[in-house]
Every structure is written in C-alpha cells, then in structure tokens.
Amino acid sequence: MPTNATTQGILTASAALGGQGIALEAKHLSRAIAGKVLVDDISVQVQPGEILAVVGPSGAGKSSFLRLLNRLDEPTGGTVFFQGQDYRTIAPQTLRRRVGMVMQMASLFPGTVADNIAFGPRQNQKTIAPEQILALLGRVGLPGYKDRDVSHLSGGEAQRVSLARTLANDPVVLLLDEPTSALDDASERGIEGLLLSIIRERQMTCVMITHDMPQATRIAHRTMIIEAGKMVAIGLTEEVLRAG
Amino acid sequence: MLAEVMHSLSRDVLEGFAQAGVAIGLCLVVALLCRRFAVHVERETVVSLARGLAQMTLVGLILALLLQRHLLVGGFILLAMTGAAALTAARRAQGIPDALRLSFYSIAAGSGIVVAGMLTTGTLAANVATLVPVGSMIVANTMNACAQALERFRAEVTAHVGQVEAGLALGADPAVAVAPCMERAVYASLLPRLDMLKSLGLVWIPGVMAGMVVSGASPLYAGIYQFVIVAMILAASGITGLVATLLIRARVFSPAAQLLLRPSEPRPVVAGYAGPGKEA
C-alpha cells in the first residue's frame with residue numbers, strides 16, 4: 001500500500017530490491033526562497049540500483065527537489081546523505097561527478113560531440129580515450145557522431161549526447177529531470193529504453209522526474225508523489241499510481 | 001592663492017567666455033531648429049549647456065588653485081573622481097550584487113595601476129596640472145569599461161544559465177563554468193577602446209593632442225603623446241574589465257559552487273555560446 005510514511009515505502013522497496021543499503025538519503029530536506037516554500041521537509045531513502053520516479057503537478061517542487069540532491073541549490077533545511085556521508089562534507093565538484101544529472105534541456109556546449117563528452121572527465125584532470133568516447137556513443141545509439149557539431153543535432157540526439165556526457169563521469173547516482181519531455185513520442189520511447197538498459201547494465205541508482213504516469217510504471221521500482229513541495233505518497237509504483 | 005585665481009581671470013579667460021557664448025548660441029540655434037521638426041530638446045540643451053559650462057569653469061578654478069600644490073592633492077582629487085565614477089558605474093550595473101564596492105575596486109585598480117606606471121616611467125609629468133586632467137580621462141574610460149563588463153557578464157550568465165549549470169553538474173569549477181561569459185564581458189568592455197585606438201587620427205583627433213598643438217607643442221610629439229594616452233586608457237580599461245569580472249564571478253556563486261545570478265524570467269537558449277572552457 002502506498003503511504004506518506006517514508007519508512008514503509010522504503011521497507012517495501014527494500015524487500016523488492018533485496019535490501020542492499022542506501023545510496024542516497026534525503027533527510028528533512030527543505031528549500032524556501034523569499035518566504036516561498038519549494039521543498040517542504042522531504043525524507044526519502046534510495047537504494048543502490050533502485051529507480052525512484054518523482055511525479056506531481058507542474059510547480060509542485062519536483063525539479064527543486066532534484067536540484068537539491070546534487071546540491072545545485074542549497075537546502076534551507078535538512079540535508080542529503082550520499083553513500084552514508086552528509087553531502088555538505090563532500091566537495092560539490094566531487095559530489096556532482098558521483099551524482100550525475102541529465103537536465104530537461106540538453107544544454108550542450110558548442111563544439112563537437114566528442115568535446116562535450118570529454119568535458120566532465122577533463123574537470124577531474126582525466127583524459128577520456130577516443131575509444132571510450134566511441135564506446136559511449138555506441139551505447140547511446142549515436143555511432144559515428146564523434147566529430148559532429150552539436151548545432152546539427154536533433155532534440156533526441158542532443159539528449160543522447162547529454163546522457164553520454166553525464167555517463168562519461170561514471171556516476172554512481174543518476175538524476176534525470178524529465179529527460180524525454182521535450183521530445184517527440186518516437187524519441188521519447190527510444191531514450192526511455194536506452195536509459196533503462198544503461199541503468200540496469202551499470203547498476204546505477206536513479207531518481208527520475210516524470211509527468212508521465214505510464215512512463216513511471218514502465219521504469220520505476222518506486223514512485224514518490226510531490227504536491228506543493230511536500231511528499232504526499234511513496235511506495236511501489238503500481239500501488240502508488242493505483243491509489244492515486 | 002587669490003593672486004593665482006585673479007591671474008586665471010585674465011583677459012584670455014574673458015575671451016574664453018566669449019567663445020563659449022558663441023558655442024552656446026550655436027547649440028541653441030540647433031535646438032530651435034530641432035523644435036521646428038517637433039524634436040523638443042530645448043530645455044535639456046539649456047540645462048546641459050549650463051551644467052557643462054559651470055562644471056568646467058569650476059574645474060578650471062580648482063586646477064588654478066591647485067596647480068602648485070603637492071602631487072598628493074592631485075591623487076586625492078582622482079580618488080574622489082574614482083568614487084563618483086564607481087557610483088555611476090554601479091547605477092548602470094542593475095541586478096549586480098555589491099556593485100558599488102565592486103566598481104570602486106575595479107576602477108581604482110585599472111586607473112591606479114596605469115597612472116602609477118605612467119608617473120613612475122615619467123610618461124606623465126608629476127604635477128597636478130597634468131595628473132588631474134589625464135587621470136580623469138583614464139578614470140572616465142575605466143568607469144565605462146567597468147559598467148560594460150558588469151552588464152555584459154550579467155547578461156551572458158543569465159542568458160546561458162543552462163550551459164553554466166550543465167558545466168557545474170558535470171563537476172566543473174565555477175571559474176570554468178562561466179569562463180566564456182567572462183571572456184565576452186572583458187572583450188565587450190575593451191571593444192570601444194580598441195575602436196578608439198584604431199580610429200585615432202583617422203576619424204578623430206583627441207583633445208590632448210589638439211590642446212598641445214594649440215599651446216605650441218610639436219604636432220608630431222603631440223600625436224605620439226596622444227597615442228600614449230589612448231594606449232594607457234586601453235590598458236587601464238583592460239585591467240578594470242578583468243578585475244570587475246573576477247570580482248563579480250566570486251559574487252555570483254555560493255561557497256558550494258551554486259549559481260546565484262538568475263534571470264528574472266525564463267529566457268530561451270541563445271545560440272552562439274562558446275561553452276565552458278572554450279574559445280568564442
């Protein structure tokens with residue numbers, strides 16, 4: 001049964017996933033700006049390999065919640081634990097390499113596809129080998145795109161490059177902010193299938209915002225519903241959606 | 001002191017006022033001409049002419065009083081001008097946090113370093129009569145460079161929030177994430193000064209050269225010295241632009257590398273952004 005009691009949701013999912021510990025934990029996470037509450041006291045735990053969907057109406061605080069998870073914004077209350085460590089004790093750059101994020105809009109840097117993919121590792125004084133770039137592009141379904149200028153890519157292709165760019169950092173947790181919402185149906189299904197296979201293959205933990213309930217059903221182990229910044233329900237996806 | 005003032009009010013000063021009267025008359029004729037075409041600038045023209053004449057007369061008087069004073073007096077005058085310039089630049093830098101202090105430091109750095117360099121190398125004569133006019137030209141130009149750098153930086157960042165945050169989300173340092181914004185801001189602040197240098201002598205003959213020639217200096221030396229002044233203005237503007245963008249960069253990110261500067265309303269992604277760490 002879906003519940004607004006976090007613990008029960010975790011226990012249910014934990015049983016489904018085999019209970020392997022906690023990859024990411026939001027503890028009383030809140031954010032308010034100029035008196036407006038965007039995220040209101042959300043506590044949730046995400047286990048390694050779990051896919052958690054975050055759904056809710058527009059303006060409910062889903063993106064605000066996600067941005068708090070890799071500290072792109074600062075919580076005004078509570079904190080996040082990454083692999084058991086309070087993320088305020090981790091350098092933000094290090095944290096963001098481990099907790100990768102794919103945004104709603106690809107926001108690629110002008111240049112070639114390879115330049116974009118090499119960007120993340122370069123920030124960590126690492127050079128990504130051309131073969132690794134080719135392998136990543138092959139994995140996201142863009143073989144032969146290495147030297148393409150990003151200005152010539154379609155929306156779906158740009159989003160695939162954005163995903164490859166994030167994966168190049170080899171993150172442990174993947175945050176997805178409606179990565180398919182700006183795409184047509186065909187591209188959406190393509191990206192969705194790709195995400196699912198990569199997440200499973202790399203055994204990544206994933207928190208994904210979606211406005212599409214059927215998409216949550218297809219992808220997520222658990223689903224959390226946010227309304228007006230508050231978590232109003234969490235549990236196994238089918239149960240939450242059936243109850244909602 | 002009084003004798004110096006009286007000396008300044010000599011015949012050539014009266015002649016100067018007469019020449020100013022002619023110039024004012026010509027401007028008023030133009031204002032009336034504009035009125036015939038429904039362009040109403042009469043009031044503004046009169047106010048501007050009155051202010052301009054009063055201010056320049058006052059500056060002339062102050063210079064006459066301070067001509068023989070210690071160089072430090074000139075330094076204090078330039079410092080006061082820097083404060084006034086910072087106020088103006090900060091007013092033009094809407095939405096920039098701590099704009100006044102930031103502008104003051106930037107203008108003081110650009111002007112101060114260049115004026116000190118010029119004095120040390122003897123490029124600028126170490127007397128108040130030379131220091132204040134040349135210094136004020138440099139301060140005025142660094143004021144514009146500062147305002148242009150700040151405004152352009154703000155515009156670049158708010159137009160490219162997506163790319164800046166994509167860089168941050170990939171683990172980039174704030175300095176790397178906004179590097180293209182900085183490059184463009186500094187370049188934008190330098191562009192008018194670069195154009196000024198390119199058009200020097202071709203499109204305009206600046207005041208210093210004209211003044212030197214009128215006072216009987218060799219036109220060749222006056223031309224070369226004018227180039228020196230404009231080059232120093234470029235150098236001062238470059239320092240100011242760099243300092244201003246470095247200071248503002250530190251203020252638009254939180255200690256946890258979060259972007260604090262945001263557009264008031266969502267803006268579309270603008271094409272042509274160079275991307276973090278890339279040349280434009």
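In which strand of chain A is A:Glu227 found? A:Glu227 belongs to strand 9 of chain A, which covers residues 222–227; helices (H or I, at least four residues) and strands (E, at least two) are DSSP runs, numbered from the N terminus. The structure is a predicted model, in which local features need pLDDT of at least 70 and side-chain atom pairs count only at pLDDT 80 or more, whereas totals for chains, interfaces and linings use all residues. Residues are numbered from 1 along each chain as its sequence is written, and chains are lettered from A and ligands numbered from 1 in the order in which they are written.

With 16 other C-beta atoms within 10 Å, A:Glu227 is partly exposed; a residue is buried if 20 or more other C-beta atoms lie within 10 Å of its own, exposed if 12 or fewer, and partly exposed in between, the C-beta atoms being placed from the backbone. When its neighbours within four places in sequence are left aside, A:Glu227 is in contact with A:Gly56, A:Pro57, A:Ala60 and A:Val232, where two residues are in contact if their C-beta atoms, placed from the backbone, lie within 7 Å. A:Glu227 and A:Leu108 are separated by 119 residues in sequence and, from C-alpha to C-alpha, by 31 Å in space.

Two further residues of chain A were examined for their backbone angles. Most residues other than glycine have a negative phi. A:Asp170, although not a glycine, has a positive phi of about 55°, and this residue is placed in the loop between helix 6 (155–167) and strand 7 (173–177) of chain A. A:Asp170 counts as partly exposed, because 15 C-beta neighbours lie inside 10 Å. A:Glu178, also a residue other than glycine, has a positive phi near 45° and lies in the loop between strand 7 and helix 7 (185–202) of chain A. With 21 other C-beta atoms within 10 Å, A:Glu178 is buried.

Helix 6 of chain A also packs with helix 4 (residues 113–123) of chain A, at an angle of about 30° and with the axes 7 Å apart; axes are lines fitted to C-alpha atoms, for helices over the stretch in contact, and angles run from 0 to 180 degrees between N-to-C directions. Helix 4 of chain A is therefore roughly parallel to helix 6 of chain A, given that angles under 35 degrees count as roughly parallel, over 145 as roughly antiparallel, 65 to 115 as roughly perpendicular and the rest as oblique. The crossing of helix 4 of chain A and helix 6 of chain A is right-handed, a crossing being left-handed if the near helix is turned anticlockwise from the far one by less than a right angle, and right-handed if clockwise. Helix 4 of chain A contributes A:Val113, A:Asn116, A:Ile117, A:Phe119 and A:Gly120 to the contact, and helix 6 of chain A contributes A:Val161, A:Ala164 and A:Arg165. The residues of this contact divide into 5 nonpolar, 2 polar and 1 charged, where Ala, Val, Leu, Ile, Met, Phe, Trp, Tyr, Cys and Pro count as nonpolar, Asp, Glu, Lys and Arg as charged, and the others, Gly among them, as polar.

Chain B has 11 helices and 0 strands, and its C-alpha trace spans about 70 × 55 × 35 Å along its principal axes. Of the 280 residues in chain B, 35% are buried. Among contacts in chain B between residues at least 6 apart in sequence, 77% join residues at least 24 apart. Chain B is divided into domain 1 (1–66) and domain 2 (70–249), with bounds that come from an automatic or database domain assignment, and the C-alpha centres of these domains of chain B lie 28 Å apart.

Helix 2 (residues 11–36) and helix 3 (residues 42–66) of chain B pack at an angle of about 165°, with their axes 9 Å apart, so that helix 2 of chain B is roughly antiparallel to helix 3 of chain B. Their crossing is right-handed. In this contact, B:Ala20, B:Ile24, B:Cys27, B:Leu28, B:Ala31 and B:Arg35 of helix 2 meet B:Glu42, B:Thr45, B:Leu49 and B:Leu53 of helix 3, giving 7 nonpolar, 1 polar and 2 charged residues by class.

The contact between the chains takes 21 residues from chain B and 22 residues from chain A. On the side of chain B that touches chain A, helix 7 (residues 161–169) of chain B gives the most, with 6 residues, and the residues of that side divide into 12 nonpolar, 6 polar and 3 charged. B:Gly162 has its place in helix 7 of chain B and is partly exposed, with 19 other C-beta atoms within 10 Å.
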